[in-house]
Amino acid sequence: MEVDGLIGLEDVKIGMHYILTPDGLLYDAREYETDDEGLKSLIRKEVFKEAIDYRESPHIKLLKKLKLADNEPYTDAGHLTYLPRGALILDLLMDYALNVVRRLDALPVHTSIMYDLNIGPIKEHAKLFGQRMYKVKPAKREFILRYAACFGQFALLRRYYLSETDLPLKIFELADSYRYEQRGEIKGLARVRRFYMPDMHVIAKDLQEAMNEFINLYNVIIEEGAKFGWKYYSLYNITLDFLKDYFDFIKGLVKIDGKPVLLYIVEPNIYYWVINIEFHYIDSLGKPLETATVQIDIGNSKRFNIVYHSRDGSKKYPIIIHTAIHGSIERFMFEFLEEASKMQKNGLKPMLPVWLSPVQVRVIPVDKRHHKYSLNIVDKLESEGFRVDFDDRDITLSRKIKDAESEWVPYIVVIGDKEVREDILTVRVRNKGLVELEISDFIKMLNDSIKDFPRRPLYFSRYVSRRPIFT
């Protein structure tokens, strides 16, 4: 098959990188020229093996500045401790990830984090993962800690009676996962040893159904990135035979992407997948980091004896799609912090989306005589489902406002004589300035900014004076 471009499909070789454009042209990635800095960055990382040092990443300083997370010296490296603010953001992101897969009709489950390495399918699958496994040896048995939800979900699926009419079936777990990354690779949220993986598997009756579901998930991943204002750069790890046999399918994916993608060609039958797509986010320093992923697995249903009963009564092995629509929760959080850093570079005050801000509204009284009215405002806003706190400290007004700004509180409400007398709110809206509103209008503003994103209450006292200081 000939392709109009620098390289024909018949000339593609295992172990090489190529660029595939939306119009179906193939190029040698080593020679490809582009003005797209994101794609350039991905090519430097994957093709020319440029080392990426995420220790320079601004998000690491922000974790400490905003009191979100820190390293715990009493445990292993790469196991972060989340303070209340960070735990709140983490839980909101988990809520959001769950909401997305539930809209796709996925079935949430919870399975074990530890699996017996002497069991055949566990041992075979673990071999593909190399040395990045945590091992536990109680008594004479050897276990590994899971590095995704595959083991638990596959063990569960093998015990299901699945009929052809049940498929495609989606199963989801927010998996507490462990990967023994090299110590020098551990960098903030970008690379950790313990993380949360929102892992979904789709069980399809055959390859055609799997490819249809794959297209749907590909669209979802692209749409999810666009929803938050970032675009992904894709790396397609793909077997040579799958590329040649389903080139039209691959070209269709690239058209969905809308920009050139990087291909890496692997030998058939080495991995359990035939295509494994990694979506890379470009951080505030222009560096790529893998986040979302989706892959077609043709090997694990047989390995784990997952079968379905076809209409003719025979048992068949399904095709399995693996996907993490947002990547790990840690990298999901990474993206939002890096977006805030980009805002700062562009001359704006850095901030998180309102739905992710640990404190959405801070009410600040000018004087103690304004406390009663201020607390009434706090109660009203809290009853509407917003995270609102009250700065009751005996310090200057300017210091209170400065502290709220440094914590990235998106809405700061200052209550003085005028506000009490006129029953109106003076609100400092981050990156927009001062507005005067009635409380009903302010509630509408808050709801408009949060929309249908998840909501949770404060994870700490509403009174600023009653919070312990983390050192």
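**Note on side-chain contacts in the predicted model**

1. Start with a charge over a ring. The charged end of Arg466 sits over the ring of Tyr463, 4.1 Å from its centre. The term requires NZ of Lys or CZ of Arg within 6 Å of the ring centre and within 35 degrees of the ring normal. Arg193 does likewise with Tyr180: its charged end lies over that ring, 4.0 Å from the centre.

2. Basis. This is a predicted model, in which local features need pLDDT of at least 70 and side-chain atom pairs count only at pLDDT 80 or more, while totals for chains, interfaces and linings use all residues. Residues are numbered from 1 along each chain as its sequence is written, and side-chain values use heavy atoms, with hydrogens and water left out.

3. Salt bridges overall. The whole structure contains 39 salt bridges. Here a salt bridge is a side-chain nitrogen of Lys or Arg within 4 Å of a carboxyl oxygen of Asp or Glu.

4. Arg132 and Glu181. Their side chains form a salt bridge, 3.3 Å from N to O. The pair links distant parts of the chain, 49 residues apart. Arg132 is in the loop between helix 4 (120–127) and strand 7 (135–136). Glu181 is in the loop between strand 10 (169–178) and strand 11 (194–204). Helices (H or I, at least four residues) and strands (E, at least two) are DSSP runs, numbered from the N terminus. Glu181 is buried at 5% relative accessibility. Arg132 is partly exposed at 32%. Buried means under 20% relative accessible area, exposed over 50%, and partly exposed in between (1.4 Å probe, protein chains only).

5. Glu164 and Lys205. This salt bridge has an N to O distance of 3.6 Å. The pair also links distant parts of the chain, 41 residues apart. Glu164 lies in the loop between strand 9 (162–163) and strand 10. Lys205 lies in the loop between strand 11 and helix 6 (207–227). Glu164 is buried, at 15% relative accessibility. Lys205 is partly exposed, at 26%.

6. Glu339 and Lys342. Their closest N and O atoms are 3.1 Å apart, in a salt bridge. Both residues lie in helix 10 (residues 329–345), 3 residues apart, about one turn of the helix. Glu339 is buried at 18% relative accessible area. Lys342 is partly exposed at 24%.

7. A charged network. Which residues do salt bridges with shared partners join into one network? They are Arg85, Arg362, Asp389, Glu407 and Arg467.

8. Aromatic pairs. The structure holds 29 of them. Rings of Phe, Tyr and Trp (its six-membered ring) pair if their centres lie within 6.5 Å; planes under 30 degrees apart count as stacked, over 60 as edge-to-face and the rest as tilted. Tyr134 and Tyr178 are edge-to-face, at 5.9 Å centre to centre and 80° between the planes. Tyr134 is in the loop between helix 4 and strand 7, and Tyr178 is in strand 10, 44 residues apart. Both are buried.

9. Phe228 and Phe453. The ring centres are 6.1 Å apart and the planes meet at 40°, so the pair is tilted. Phe228 lies in the loop between helix 6 and strand 12 (233–239). Phe453 is in the segment after helix 14 (439–450), so the pair ties together parts that are 225 residues apart in sequence. Both Phe228 and Phe453 are buried.

10. Ring cluster. Phe228 and Phe453 belong to a cluster linked by ring pairs.
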